[in-house]
Protein chains: 2
Amino acid sequence: MAQVNPTVGDLEGNSRIVVDYARRAAGQGAHLVVFPEMVVTGYPVEDLAMRNSFVSASVKATHALAESLDAAGLGGLPVVVGFLDRRDGVGPRFGQPAGAPQNSTALLHRGRIRLTSAKHHLPNYGVFDEFRNFVPGDSLAVVRLHGADIAFAVCEDLWQEGGPVTAVRAARAGLLITLNGSPYERDKDNVRLELCQRRAREINAAVGYVNMSGAQDELIFEGDSLIVDADGELVSRAPQFEDHLLITDLDLPRADPGDPPDGPVDGIRVVRYTVSTEPVDRYEPRAHEVTPRPDPVSDIGEVYRALVVGLRDYVLKNRFGSVLVALSGGIDSALTAAIAVDAIGADNVYGVLMPSAYSSEHSIADAEELVKRQGISGRTIPIGSVVDAFQAANPVEGVAAENLQARVRGTTVMALSNQEGHLVLATGNKSELATGYSTLYGDAVGAYAPIKDCWKTVVWELARWRNAQAERAGETPPIPENSISKPPSAELRPGQLDTDSLPDYAVLDSLLSAYIGTDKGLAELTSAGYDPELVVRVIGLVDRAEYKRRQYPPGPKISSRNLSRDRRLPITNRWTP
Amino acid sequence: MAQVNPTVGDLEGNSRIVVDYARRAAGQGAHLVVFPEMVVTGYPVEDLAMRNSFVSASVKATHALAESLDAAGLGGLPVVVGFLDRRDGVGPRFGQPAGAPQNSTALLHRGRIRLTSAKHHLPNYGVFDEFRNFVPGDSLAVVRLHGADIAFAVCEDLWQEGGPVTAVRAARAGLLITLNGSPYERDKDNVRLELCQRRAREINAAVGYVNMSGAQDELIFEGDSLIVDADGELVSRAPQFEDHLLITDLDLPRADPGDPPDGPVDGIRVVRYTVSTEPVDRYEPRAHEVTPRPDPVSDIGEVYRALVVGLRDYVLKNRFGSVLVALSGGIDSALTAAIAVDAIGADNVYGVLMPSAYSSEHSIADAEELVKRQGISGRTIPIGSVVDAFQAANPVEGVAAENLQARVRGTTVMALSNQEGHLVLATGNKSELATGYSTLYGDAVGAYAPIKDCWKTVVWELARWRNAQAERAGETPPIPENSISKPPSAELRPGQLDTDSLPDYAVLDSLLSAYIGTDKGLAELTSAGYDPELVVRVIGLVDRAEYKRRQYPPGPKISSRNLSRDRRLPITNRWTP
């Protein structure tokens, strides 16, 4: 199982990854190598699926990949990849994705595509839009290899009852391998293992789960590829977040010499291809590789690693070489800079301090200390003269004057970005985003927002974890202690504190989690013990901030209730619960 | 049929609209009154559907509405409304919208909900996300009224083959009425009429089509409610875009005295309620009201009206009283101001001129002329001193310096908005959006972008049409002739013209329409006669502008291939066709 990191649209680069890993697998004597969902195109392709020329390019690239493998002397190794295919013989139908695109698997062997099959269950919840973008498949691919039958399915087909999984049992395959592009979520990875274990027992077959690594746009793929045997026992497991070739020797049952009956099961036809019927000679299997998991599984360090991978791939896949962060001396920008340094190196991280008349001395000192500790490039551009020029041209006061300062900073970082080519990181956290506590076109400027799915309390946890990790390694903690311990402030007017406008973050985050994470209404929140007045105020803030949230830069999703795609509210909404 | 304009979340206000129109209908002797899809909640509710407290509020409001109608002396008049319901007896299922929300109809009679049924076909393409937000229904509601059987279905159920429409024929209803929230699209309205005609003949019954009026967020509902008889002949038709009560006398066949067999047809159960079995005494029917359509149906004036309605409802439903437009003297800001004046009146439209060193004399003169012609409030805030202050604090050049000017303007309009409470209109057109020819946080600031789905060539057409309309009415044309006739320029450097960076708009728009509207690739575009070098350059611009498009303010959708929700591309995309 090749846990790899493709890039959407990079058909040639992705094909090279496949050839490279197939070569490594062959070098270690593998009999079969399986890649993740849509490895040829990258995932998710979103509305590119409906572009006919893109589907054609994917099909062509997959044929070419089969030939490349053969030309590289790897034609004898069966290789299974995910790719974007089209369903033939389907005319245009009102409401059906144009061109009938499918999320498919292909068996490549001896220079050709030998067998294809398409994903049946198309998820359309949370971060997924597949029912919108694809036409469902109605077949299950089963490959006979050295006399053992191996079935292949795609991602959601393992999660849903009925369909391909039911057909695997009827087809009496000894192993089911699913190709996945399954995004990282806190607390999700044991769910994957438990699902594989349950399915293995249901279908009386071993189950392999190949996942992507890396990140694409807002999704982080955590890897964690694994195999369980027919009893549901864990056999092998790859590391999280990294590219990895997981080689596993499995003892599979020999298939019935005759084919089992292949009538449709649950509407699913079984399609078959035979690579070889003779079992391999008995050999000494290698020791099973099981990457240990931290316990408890989902700890804050795992989140930190996910954020680093998300930032790294967003910056590099979009062909930027450096990032720019506005440093306020506060915790959000300090953590953002630390993640950036861990992702792409201190040499590629640029900080800018933009003090105003209301910036406190400790803010400037904390920001300077951060630049020093992290070894990034830092500069200072005071904004007072620009704010004065705006005020002379068009005097404003109150919130307008507060926002003006944030927008002068936003314009300054964008000028540096345009002049020098850095990608700008926005430093807002999830608590701010939820409540709209930020300035549109001010601190909200940027191309990527690394901590937008982290509550403020999680931001503090991450900062403390990262500092502690540095201390354990005998390194300088990257984040100044004062940035962690001081009370948060936007510093847009004298003596301003976040707590002037918002409740204490511990209370706020708990309330926001209940409202956004579990969709509880006023009555439920109040009976859960929250102050009714506070609940009304906070959910009012959340509901009115929808417009700002939609305008915020994208960022890595680490929860099932992030604020980007999931939980899309009407902009005009007169209802408060 | 009550063609009305609800607001999402305003359950009380929407209920008042229903009572008001029911009273008017009763006053004219109506036997039945039918409202649009989800009139109780407004439409579309997006992810509010998954908030349990919102579903409960909708159900409660619908019960209360039945009681209010009765209390108002209208209990004897059967009223059919669309509302948000939940499917009972459905446990949570992985991937199913939380709480099993449904897009349903309710028959209200004598103070109670007497019969409900939910939408079966859930569209999830173009502007729709219903498969994501709702659980499908599996029943068809048939009401016996004065001995005639009348079936009710929701929107997409009329468009798709199979399901409820098939069940109508089996149930032998004499009339099918569909409740719709069907968005405006250029060239769509005859499609609706033709669909009703075809369905009427298929099911051998009259078909009524009740649609919303007004606008909600990015959707404009054009009304155009209509009825065709069982032969498909048009019987009555309401005007476009306006609220309207369309009263039609129909001669319906008497239902079989016994119920027809109601086994499920195409998986759809028939559910029935009898209001009355005795036919009404014969009376003199009123003349059929058929609002005439312009010919050809979809002309530029219709687009203009749609844009006016879209802007009006976005501003008013979001409780803003006024708008602010940055005036450059160019055609985009001139047309935007004209639409705003027609939508909310000149007294509520504020223009601001922000000349720089590169603004030509004619630009200033044209903008001043526009302020005068339209009678809006205008002011001038030169930006030179602010740009100089930025350059002194942090010198930049080239594109960075061009963008700086646009961002100083963006910050200035936002300061005015924050200070005075205006909603800022962004003035970008679809050609700019498609190619990314705008400055993020500069001319792209704002809460609503009235012409974002109009190609530049359509912008000119709209301006000419509006001026000609004024001339026909003996009024002053609102848009200065020079704004229409001069070559477009961003005026961010000396002598700059759009044609320095982009091809002529006639060629560009035609190419963009083919690429974006029909998903043609490089090979197809080249063989259609476009210069290959131009195609490569333009589609490169389009694909690289995805990030900017996502950050652009929302605006009214007038085409099936708008640039907001439909055609959502990956941000990271290495592929060019």
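1. In chain B, four strands make up an open sheet whose order is β18-β17-β16-β19, with parallel pairing. The edge positions belong to β18 (377–380) and β19 (423–425) of chain B; each has a single partner strand, so one side of each lacks a neighbour in the sheet. On average, neighbouring strands of this sheet are turned by 25 degrees against each other, direction ignored. The model under review is a predicted one.

2. Helix α9 of chain B, residues 361–374, lies across β16, β17 (349–353) and β18 of chain B. Relative to β17(B), helix α9(B) runs at about 165 degrees.

3. W460(B) belongs to helix α13 (residues 456–472) of chain B and Y505(B) to helix α16 (residues 505–518) of chain B, so the pair ties together parts that are 45 residues apart in sequence.

4. Are the two members of this pair buried or exposed? W460(B) has a relative accessible area of 14% and is buried, because the value is under 20%. Y505(B), with a relative accessibility of 5%, also counts as buried.

5. A further group of rings involves both chain A and chain B: F94(A), Y125(B), F128(B) and W159(B) are linked into a cluster by ring pairs.

6. Charged ends placed over rings deserve a separate point. In chain A, the charged end of K456(A) sits over the ring of W460(A), at 5.6 Å from the ring centre. In chain B, the charged end of R24(B) sits over the ring of Y21(B), and here the distance to the centre is 4.5 Å.

7. Finally, S53(B) is part of helix α2 (residues 52–71) of chain B. With 17% relative accessibility, S53(B) counts as buried. From S53(B) to D224(B) the C-alpha to C-alpha distance is 33 Å, and the two residues are 171 residues apart in sequence.

Definitions and conventions:
Residues are numbered from 1 along each chain as its sequence is written. Chains are lettered from A and ligands numbered from 1 in the order in which they are written. This is a predicted model: local features need pLDDT of at least 70, side-chain atom pairs count only at pLDDT 80 or more; totals for chains, interfaces and linings use all residues. Side-chain values use heavy atoms; hydrogens and water are left out. Two strands pair if DSSP finds at least two bridges between them. Helices (H or I, at least four residues) and strands (E, at least two) are DSSP runs, numbered from the N terminus. Axes are lines fitted to C-alpha atoms, for helices over the stretch in contact, and angles run from 0 to 180 degrees between N-to-C directions. Contact means heavy atoms within 4.5 Å. Buried means under 20% relative accessible area, exposed over 50%, partly exposed in between (1.4 Å probe, protein chains only). Rings of Phe, Tyr and Trp (its six-membered ring) pair if their centres lie within 6.5 Å; planes under 30 degrees apart count as stacked, over 60 as edge-to-face and the rest as tilted. A charge sits over a ring if NZ of Lys or CZ of Arg is within 6 Å of the ring centre and within 35 degrees of the ring normal.
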